[in-house]
Amino acid sequence: MTQGITTDFSRRMSYGDYLKLDQLLTAQDPLSGQHDEMLFICIHHVQEIWLKLLNHELTLAMDCIRRDALRPAFKAMARAGRIQRQLIEAWDVLSTMTPHDYLAFRDKLGSSSGFQSWQYRLLEFRLGAKDAFMLKPHAHRPDLMAVLEQAMAEPSIYDETLRLLARRGLPVPKEVLDRDVSLPHQENEGVTALWTSIYEGAEDGFDLYELAEELVDLEDNFQTWRFRHMRTVERIIGYRMGTGGSAGVAYLRQALERRFFPELFEARTRIKAKG
């Protein structure tokens, strides 16, 4: 059964070599000696790796939408949804840590905070949550600033979607198409009416209907991730201030009110049943 299996890696690339496991697995370096600090570090490393892949897939999806290639865009967006589920489930593991466990090493975090995750911020910018203030924690890293500033200046996935609708000859309001994309999208009555018509006429333009639903899935999963984050923080530290100076749970609860694609949800109130 074992005949032919390669066992000599003195001159061959091994599994560990390909994945650079020595580098990856030595990155978990607790500072306190407390047992649960390893859990805290591992969960955040796992989340950052998933965020890297999520941004990778959204880059592809946005490029496909820009080229009117919706079928590969749907594949990338569906994969993004599966990745988001993994991000959500990670909070369940972290929530096994008690307040006592966390307070035993919290001081070792200093002023570091998940608020400073540049990959998370890149994801928000690509989804349309543009906010110049969020660049400030990265001012000391010109390389990261360049990536984030580019994402700020470029259309979000929703902007690209609305441009695609306009290319299809649909009446996207001019003020929406010509807006400053470095600012957050504001809900527009004309866009709501447009999405309502797409939902009501799904049989005539099913690919646009499916694109709408893929976007709704992205937002729904993102909001679920935000909610699970907020509840995990509430469970572990209560209403203490966050380590990076944020208001902690209060800040996270406020974020739950922010929408990326508001017209897609407003349209649901407007859709008329077929008689």
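This talk covers the side-chain contacts of one predicted model.

The model is predicted, so local features need pLDDT of at least 70 and side-chain atom pairs count only at pLDDT 80 or more, while totals for chains, interfaces and linings use all residues. Residues are numbered from 1 along each chain as its sequence is written, and side-chain values use heavy atoms, with hydrogens and water left out.

Let me begin with the aromatic residues. A pair of aromatic rings is described by the distance of the centres and the angle of the planes. Here, rings of Phe, Tyr and Trp (its six-membered ring) pair if their centres lie within 6.5 Å; planes under 30 degrees apart count as stacked, over 60 as edge-to-face and the rest as tilted. By this rule there are 12 aromatic pairs. One of them is stacked: Tyr-120 and Phe-222, at 5.8 Å centre to centre and with 25 degrees between the planes. This pair links distant parts of the chain, as Tyr-120 belongs to helix 6 (residues 118-127) and Phe-222 to helix 11 (residues 206-237), 102 residues apart. Helices here are DSSP runs (H or I, at least four residues), numbered from the N terminus, as are strands (E, at least two).

Are Tyr-120 and Phe-222 buried or exposed? Both are buried, a term that means under 20% relative accessible area; exposed means over 50%, and partly exposed lies in between (1.4 Å probe, protein chains only). The two residues also belong to one aromatic cluster, together with Trp-91, Tyr-158, Trp-225, Phe-260 and Phe-261.

Phe-265 is involved in another kind of arrangement. A charge sits over a ring if NZ of Lys or CZ of Arg is within 6 Å of the ring centre and within 35 degrees of the ring normal. Arg-259 lies over the face of Phe-265, 4.0 Å from the ring centre, and the charged end of Arg-268 sits over the ring of Phe-265 at 5.8 Å from its centre.

I turn now to charged pairs. Side chains of opposite charge can pair when their charged atoms come close. With a salt bridge taken as a side-chain nitrogen of Lys or Arg within 4 Å of a carboxyl oxygen of Asp or Glu, the whole structure has 18 salt bridges.

Which residue forms a salt bridge with Asp-68? The partner is Arg-167, and the closest N and O atoms are 2.5 Å apart. Asp-68 lies in the loop between helix 3 (35-66) and helix 4 (70-94) and Arg-167 in helix 8 (residues 157-167), so this pair ties together parts that are 99 residues apart in sequence. Asp-68 is partly exposed, with a relative accessible area of 34%, and Arg-167 is partly exposed at 42% relative accessibility. Asp-68 also has a positive phi of about 60 degrees, although it is not a glycine.

A second salt bridge joins Arg-270 and Glu-189, at 2.9 Å from N to O. Since Arg-270 lies in helix 13 (residues 262-270) and Glu-189 in helix 10 (residues 189-200), the pair ties together parts that are 81 residues apart in sequence. Arg-270 counts as partly exposed at 31% relative accessibility.

Glu-234 and Arg-231 meet at 2.9 Å, N to O; being three residues apart in helix 11, they are separated by about one helical turn. Glu-234 counts as buried at 19% relative accessibility, whereas Arg-231 is partly exposed at 40%. Elsewhere, Asp-63, Arg-66, Arg-67 and Glu-160 are linked in a network of salt bridges.

On cysteines, I can be brief. A disulfide is a covalent bond between the sulfur atoms of two cysteines. With the cut-off for a pair of cysteine sulfur atoms set at within 2.5 Å, the structure holds zero disulfides. Cys-42 is partly exposed, with a relative accessible area of 31%, and Cys-64 is buried at 1%.

I close with the interior. A nonpolar core is a set of buried Ala, Val, Leu, Ile, Met, Phe, Trp, Tyr and Cys residues joined through side-chain atoms within 4.5 Å. The largest has 68 residues, and those with the most contacts inside it are Leu-127, Ile-157, Leu-165, Trp-195 and Leu-264. Not counting residues up to four places away in sequence, Leu-264 touches residues including Tyr-158, Trp-195 and Tyr-199, where contact means heavy atoms within 4.5 Å.

Finally, Asn-221 lies in helix 11 and is buried, with a relative accessible area of 11%. Asn-221 touches Gly-81, Gln-84, Arg-85 and Ile-88, again not counting residues up to four places away in sequence.
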